[in-house]
Amino acid sequence: MSRILKHRLFWPLVILVALLALNLFFTDNFFKIQMKEGHLYGSLIDIVRFGAPLILVSLGMTLVIATSGIDLSVGSVVAIAGALACLRISGLSDQNSVGGVLGAVGLALVLSVVLGAWNGFLVAGIGIQPIIATLILMVAGRGLAQLITDGQITTVNSSPYKLIGGGYWLTLPFGIIIVAVVLALTAFLTRRLALGLLIESVGGNAEASRLAGISARGVLMTVYAFCGLCAGIAGLMISSNVSSADGNNAGLWIELDAILAVVIGGTPLSGGRFSLSGTVLGALIIQTLTTTIYSIGVPPETTLLFKALVVTIVCLIQSPAFRAKVFHRRRRPIAARPAAEEKVRVSA
Amino acid sequence: MAAPAPILRMSGIGKQFPGVKALDGVDFRLLPGEVHALMGENGAGKSTLIKVLTGVYDIDAGEIELEGRPVAFSSPLAAQQAGISTVYQEVNLCANLSVAENIFIGREPRRLGRIQWKAMRRRAAEILARLDLDLDVSAPLSSYSLAIQQMVAIARAVDIDAKVLILDEPTSSLDAGEVAQLFRVMRRLKEQGIAILFVSHFLDQIYEISDRMTVLRNGTLVGEYLTSELSQVELIGKMIGRELADLEKLEERPPAREGAPLVEAEQLGRTGAIQPFTLTIHEGEVVGLAGLLGSGRTEIARLLFGADHAGTGSLKIGGEQVNLRTPRSAVSRKLAFCSENRRAEGLIPDLTVRENLILALQAARGWTRPIPRRKQDELVEKYIAALNIRPANPDQLIKNLSGGNQQKVLLARWLILEPRLLILDEPTRGIDVGAKAEIQRLVAELSDGGMAVLFISAELEEVLRLSHKVGVLRDRRLVAELDNDERLTTDTLTETIASGARS
Ligand SMILES: Nc1ncnc2c1ncn2[C@@H]1O[C@H](COP(=O)(O)OP(=O)(O)OP(=O)(O)O)[C@@H](O)[C@H]1O
Ligand SMILES: [Mg+2]
């Protein structure tokens with residue numbers, strides 16, 4: 001029992017279950033999953049489906065944070081990837097040509113990787129603080145996205161493109177499958193191969209890692225490029241879902257949600273140890289919270305406050321120091337009592 | 001000697017960490033005006049006893065009395081305010097603050113609430129002068145070497161108006177001159193009636209300064225003794241629980257040996273760090289470096305490993321001209337460097353013992369070729385046994401190991417690589433007598449097997465016992481290169497270090 005209590009993912013899981021349970025009171029058949037026309041439907045499926053872009057961005061963010069960095073530019077990359085893909089597709093003579101769509105998607109992803117690598121170069125090559133280095137692209141990237149779409153909302157009408165964010169495959173929403181593949185790939189690279197160890201080592205003590213023969217620069221470049229890629233895929237998903245690209249609003253503030261998801265998932269902002277499954281849980285918690293806000297009918301003007309309140313509570317429950325203060329007050333040894341009073345006098 | 005009433009008394013102290021009973025029913029007392037040595041092997045529980053006393057950890061069992069009144073400190077600050085001033089084993093100052101700020105942190109001289117910077121700097125300089133240190137007190141602490149940082153920590157601690165002064169391995173990276181300086185200060189404080197708790201693995205220092213000692217073994221109390229009544233051999237017996245027969249087995253001087261040149265440095269240098277030097281290390285040769293603190297020993301090591309860029313000169317490894325731009329390229333040529341600064345340049349605190357052990361090997365293989373789990377287990381098990389790392393649990397976080405055991409893990413990290421040249425900068429720092437002999441024997445064995453070793457140590461006996469050749473440094477210059485023959489003794493070596501001339 002205490003083993004379970006101490007598990008890193010215990011508290012995030014409790015919170016997620018509690019949030020889901022809360023929905024039961026407001027939505028009938030909340031947990032029901034149905035098969036309609038060969039597709040799975042249900043609130044739970046929707047949470048994962050709508051949470052898919054956030055999960056992707058958070059996965060990339062997890063690795064960046066593990067190196068004790070941060071990437072504020074993911075929202076801009078989301079917008080740029082969607083904008084570029086839509087621009088290319090709208091220029092196709094046949095918007096439904098699979099080859100043309102694949103080309104557009106590929107190009108958008110390559111650009112996302114390049115943008116990520118640019119962040120990596122600023123951080124590792126030049127030595128700019130990550131928060132500043134990625135702030136550059138965060139601001140400039142929005143401009144770039146608007147430049148690509150010419151300040152307009154570019155709409156497309158392409159069924160292959162629509163598949164990414166809105167389609168189904170093997171009874172599941174295609175986005176869920178993409179997330180599963182990216183998650184599996186990340187887990188493979190970091191846990192099966194040794195990338196995870198090197199990332200955690202660089203995040204834990206960069207100078208010691210360098211002296212141990214790790215190319216910290218290479219690790220950082222890889223991680224930022226990967227984060228760019230994840231944001232790019234998320235951007236395609238978001239724009240595909242609405243069949244349009246909005247350089248202004250696509251992926252707005254997603255970096256904050258992603259950072260939050262990472263932290264709720266148990267990866268410390270100071271770097272070092274990271275947890276991919278924790279991050280997925282964290283992203284799901286945030287998505288569930290969003291869903292809950294709608295389903296219980298929080299008035300729109302207070303949603304942000306409500307969300308902030310829940311997040312604060314989540315973070316407090318997560319904090320071992322807070323739990324110790326609140327729950328374990330009376331578990332101190334009784335013998336220490338008089339001494340503790342003494343202490344007050346001594347330190348006065 | 002009629003014992004006065006103890007100023008500090010700890011009785012029945014117990015402390016349990018997950019999986020490790022660090023202290024079990026330990027009694028300890030400290031008399032005013034004495035220097036009391038706390039002795040024990042690596043991981044015996046010395047630092048833990050100090051930490052439960054000063055409020056870093058809660059105690060699980062037992063009582064602490066200060067001047068007859070029961071106390072339980074909630075934080076080191078509370079302990080300090082109650083008159084217990086402590087230098088912890090790992091120097092825990094703020095490297096990015098200035099020297100003066102570090103000395104006065106938390107007790108800055110103020111007037112009307114405003115910090116008086118000028119007075120603070122002046123007083124800091126005075127305090128340091130008492131330890132014979134002449135530093136720029138407004139420079140950040142990080143601009144000074146580890147030894148200086150250690151001295152600053154000591155200066156801070158002795159300045160605090162305290163009844164009890166605790167020094168956990170304060171001398172681990174100091175050389176003879178600074179130790180003498182520290183001892184002078186300690187004797188003065190002792191005369192003022194201050195009780196001093198002192199931890200060190202240097203037995204000579206213990207016998208020079210301490211009046212009384214308490215010996216711990218595996219978290220339990222072995223006993224309390226008067227230093228004058230316990231011989232060194234008896235003490236070692238009490239610490240490790242058996243006779244240490246191995247210590248003297250090592251021959252006085254290593255046998256001479258002919259090997260091909262492995263590393264040839266030609267006028268290699270770096271402005272501000274080390275003047276151009278020429279040094280050849282042959283296969284199977286142990287080259288010792290001797291010199292005072294800041295004389296440039298570590299700087300030579302860092303240049304040979306590519307940790308810093310050389311400004312001048314050339315370097316050949318195995319006859320091939322190389323330009324070491326990063327440690328990575330040095331590692332790929334099978335050079336290894338175990339830094340003296342284990343906290344800043346060695347440990348990855350949040351990783352496990354296993355991960356820290358295999359880190360350099362994994363880095364050398366690259367991330368696409370993970371070390372198979374079975375191979376990891378094999379290597380880790382082998383080196384935990386070979387170096388007697390305790391607790392022998394590969395999945396323990398390295399930050400939870402005792403200082404000496406952390407050092408052993410870092411050493412193992414490089415041994416796993418089976419390097420051609422192993423650069424050891426103070427490898428026996430903080431390591432107990434038994435393990436020290438073990439490591440010395442290991443170095444001798446490895447060099448028999450053809451590995452070259454560059455051995456840096458402030459302990460001249462150790463340098464002489466292991467090295468074929470000793471390079472002497474002074475003021476960032478390699479001033480002499482001496483063959484280790486009958487004429488070379490610690491005395492002649494000390495003289496060369498001091499005068500800078502060949503004797
Ligand atoms: N935070 C911790 N968590 C778990 N175990 C710990 C922790 N701190 C210390 N230990 C364990 O407690 C034991 C005593 O450690 P301690 O640091 O007191 O040894 P020490 O006598 O100071 O050794 P050294 O001479 O190497 O400094 C060791 O086995 C160590 O691994
Ligand atoms: Mg210790």
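**The site around ligand 1**

Mentor: Start with the domains of chain B. Domain 1 (8-243) and domain 2 (250-499) each give at least three residues to the shell around ligand 1. The domain bounds come from an automatic or database assignment. This is a predicted model: local features need pLDDT of at least 70, side-chain atom pairs count only at pLDDT 80 or more, and totals for chains, interfaces and linings use all residues. Residues are numbered from 1 along each chain as its sequence is written, chains are lettered from A and ligands numbered from 1 in the order written, and side-chain values use heavy atoms, without hydrogens or water.

Now the shell itself. It holds 21 residues, each with a heavy atom within 4 Å of the ligand. The closest are G43(B), S47(B), T48(B), S402(B) and G404(B). By class, the shell has 11 polar, 7 nonpolar and 3 charged residues. Here Asp, Glu, Lys and Arg count as charged; Ala, Val, Leu, Ile, Met, Phe, Trp, Tyr, Cys and Pro count as nonpolar; the others, Gly among them, are polar.

Which elements contribute? In chain B, β2 (20-30), α1 (46-53) and α14 (403-415) each supply at least two shell residues. α1(B) gives the most, with 3. Helices (H or I, at least four residues) and strands (E, at least two) are DSSP runs, numbered from the N terminus.

Look at the contacts next. A polar contact is a pair of N or O atoms within 3.5 Å; within protein, one must be able to donate a hydrogen and the other to accept it, and residues adjacent in sequence count only if both atoms are side-chain atoms. S47(B) places a polar side-chain atom 2.6 Å from an oxygen atom of ligand 1. For S402(B), a side-chain N or O atom is 2.8 Å from a ligand oxygen. For Q89(B), a polar side-chain atom lies 2.9 Å from an oxygen atom of ligand 1. On its own, ligand 1 has 640 Å² of accessible area, and the protein covers 92% of it. Areas come from the Shrake-Rupley method with a 1.4 Å probe; for residues, only the protein chains shown count as cover.

The magnesium ion, ligand 2, is coordinated by S47(B) through OG and by Q89(B) through OE1, at 1.9 to 2.1 Å. This pair links distant parts of the chain: S47(B) sits in helix α1 of chain B, Q89(B) in the loop between β6 (84-87) and α3 (99-104) of chain B, 42 residues away. Donors are N, O and S atoms within 2.8 Å of the metal (3.2 Å for Na, K and Ca); water is not among the atoms, so the site may look incomplete.

Buried means under 20%, exposed over 50%, and partly exposed in between (1.4 Å probe, protein chains only).

Now β2 of chain B. D24(B) lies in this strand. D24(B) is partly exposed, at 40% relative accessibility. Its C-alpha is 8.0 Å from that of L221(B), although 197 residues separate them in sequence.

Turn to the loop between α13 (373-386) and α14 of chain B. P391(B) lies there. The peptide bond joining R390(B) and P391(B) is cis, with omega about -5°. N388(B) is in that loop as well. Its phi is positive, about 55°, although N388(B) is not a glycine. N388(B) counts as partly exposed, at 38%. In helix α13 of chain B you find I384(B). I384(B) is buried, at 8%.

One more site in chain B is D308(B). D308(B) occupies the loop between α9 (297-305) and β16 (312-317). It is buried, with 17% relative accessible area. Its side chain makes a polar contact of 2.9 Å with the side chain of R302(B).

Finally, chain A. T171(A) is in the loop between β4 (168-169) and β5 (172-173). Its phi is near 70°, positive in a residue other than glycine. T171(A) is partly exposed, at 28%. L9(A) is in the loop between α1 (2-6) and α2 (10-26) of chain A. L9(A) is buried, at 15%.
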